Amino acid sequence: MSPQDFISFHNASRQSGVIMSFSGDVSEKVLFSLGEVLRFRMTQGATDASIAKRVFSVFVEQAQNIIRYSADRVAGGSPDGSGVSAGMIVVGMEEGRFFVACGNEVPQAQVEPLRARLSRIAGMNQDELKAYYREKIRQPAEEGSLGGSIGLIEIARRASAPVEFDFRDLGAHRSFFCLKAYI
Amino acid sequence: MDRISIAGTERTPEVDFDFPQGRLKLGGESYPEDAAAFFGPLQQALAAFLENRERGPLTFEIALTYFNSSSAKALMNMFMLLDDAAAGGAAVTVRWLHAADDDTIQEAGEDFAADFEHARFELVEQP
């Protein structure tokens with residue numbers, strides 16, 4: 001891309017309401033720093049405190065999902081031992097509503113289980129999400145899960161509309177997964 | 001069981017588990033890089049304490065301003081230990097502190113309250 005292309009890229013992002021976007025290797029320290037500036041921007045922008053908390057919460061869950069579950073990982077992780085994985089995270093505003101979108105590669109074998117899980121969550125109303133969250137939080141973590149198994153439910157609970165998601169086949173038994181939540 | 005005191009950081013809570021006094025406290029922000037590594041030893045200490053403790057009231061005060069889902073899972077594990085201890089006759093009180101204008105933390109407290117069958121759970125609004 002030429003410098004003009006980068007300017008177009010920047011303008012296109014701005015026109016789409018993007019406040020912050022990151023694409024590349026994500027570590028816990030990247031998460032912390034991006035989260036810090038996101039909170040600062042929302043404070044400066046006089047965002048309603050409850051909305052700001054929801055946006056931050058969805059941002060943290062999505063960023064930690066990238067770090068833990070992206071199929072595109074940096075071998076060995078960061079010097080402190082935590083994971084470093086490639087992905088994308090975008091926070092923006094569309095028609096007065098904040099959104100947080102994230103994306104990362106997943107093994108092809110995980111596409112259908114993840115799709116089934118997200119379809120189920122996206123089809124639930126707030127009461128059903130709350131009941132499902134309470135059920136899951138009491139159970140031992142699922143196999144392959146590094147966190148609480150409840151991050152996706154937490155995202156859906158903080159969202160003001162059903163979460164949107166999709167996949168694109170990258171070949172070589174990988175797909176790119178994207179999840180978008182409106183707050 | 002010795003007292004466990006850990007200073008809070010920008011993303012890990014301040015911990016004061018004063019086992020000899022029966023007063024446990026957790027406060028601040030909680031989204032550790034590795035929630036299992038942070039909370040695991042605390043859960044183990046709590047379980048060991050509840051197993052061997054002498055009779056006496058136990059109070060657990062939580063004053064978190066934000067916690068991620070991995071931290072919520074760890075809290076739930078500790079709450080289940082406490083509720084089991086209360087079922088066995090221990091006088092357990094859980095105090096969930098939230099700022100008056102913090103709906104998110106208040107709602108989280110209400111959710112947790114519903115999971116206690118034996119321990120006393122207090123939702124405490126802070127001015």
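## A buried valine in chain A

Val111(A) sits in helix H4, residues 108–122 of chain A; helices here are DSSP runs of H or I with at least four residues, strands are runs of E with at least two, and both are numbered from the N terminus. With a relative accessibility of 4%, Val111(A) counts as buried. Buried means under 20% relative accessible area, exposed means over 50%, and partly exposed falls in between (1.4 Å probe, protein chains only).

What does Val111(A) touch, not counting residues up to four places away in sequence? The list is Val106(A), Phe167(A) and Ser175(A), where contact means heavy atoms within 4.5 Å. Val100(A) is 11 residues from Val111(A) along the chain, and their C-alpha atoms are separated by 21 Å.

## What kind of model this is

This is a predicted model, in which local features need pLDDT of at least 70 and side-chain atom pairs count only at pLDDT 80 or more, while totals for chains, interfaces and linings use all residues. Residues are numbered from 1 along each chain as its sequence is written, chains are lettered from A and ligands numbered from 1 in the order in which they are written, and side-chain values use heavy atoms, with hydrogens and water left out.

The predictor gives the complex a pTM of 0.92 and an ipTM of 0.91. For chain B, mean pLDDT comes out at 93, with 98% of its residues at 70 or more; pLDDT is the predictor's confidence in each residue, on a scale from 0 to 100.

## Chain B as a whole

Chain B has six strands and three helices, and from the N terminus on they run β-β-β-α-β-α-β-α-β. Its C-alpha atoms fill a box of roughly 35 × 25 × 25 Å along the principal axes. How does the radius of gyration of chain B fit a compact globule of 127 residues? It agrees: such a globule would be near 14 Å, and chain B has 14 Å. That radius is taken over C-alpha atoms, and the globule rule is 2.2 Å times the number of residues to the power 0.38.

Of the 127 residues in chain B, 53% count as buried. Looking at contacts with a separation of 6 or more, 62% of those in chain B link residues 24 or more positions apart. The accessible surface of chain B is about 5800 Å², and 46% of that belongs to carbon and sulfur atoms. These areas come from the Shrake-Rupley method with a 1.4 Å probe; for residues, only the protein chains shown count as cover.

Ser30(B) belongs to strand E3, residues 23–30, and is buried at 0% relative accessibility. Leaving out neighbours within four places in sequence, Ser30(B) has contacts that include Arg11(B), Pro13(B), Phe39(B), Leu64(B) and Tyr66(B).

Over in strand E2 (residues 14–18) there's Glu14(B). With neighbours within four places in sequence set aside, its contacts are Ile6(B), Ala7(B), Gly8(B), Lys25(B), Leu26(B) and Gly27(B). Gly28(B) is 14 residues from Glu14(B) in sequence, and the two are 6.2 Å apart, C-alpha to C-alpha.

## A threonine touching chain A

Thr104(B) lies in helix H3 of chain B, which covers residues 103–113. Which residues does Thr104(B) contact, leaving aside neighbours within four places in sequence? They are Ser50(A), Lys53(A) and Arg158(A). Thr104(B) counts as buried, with a relative accessible area of 15%.
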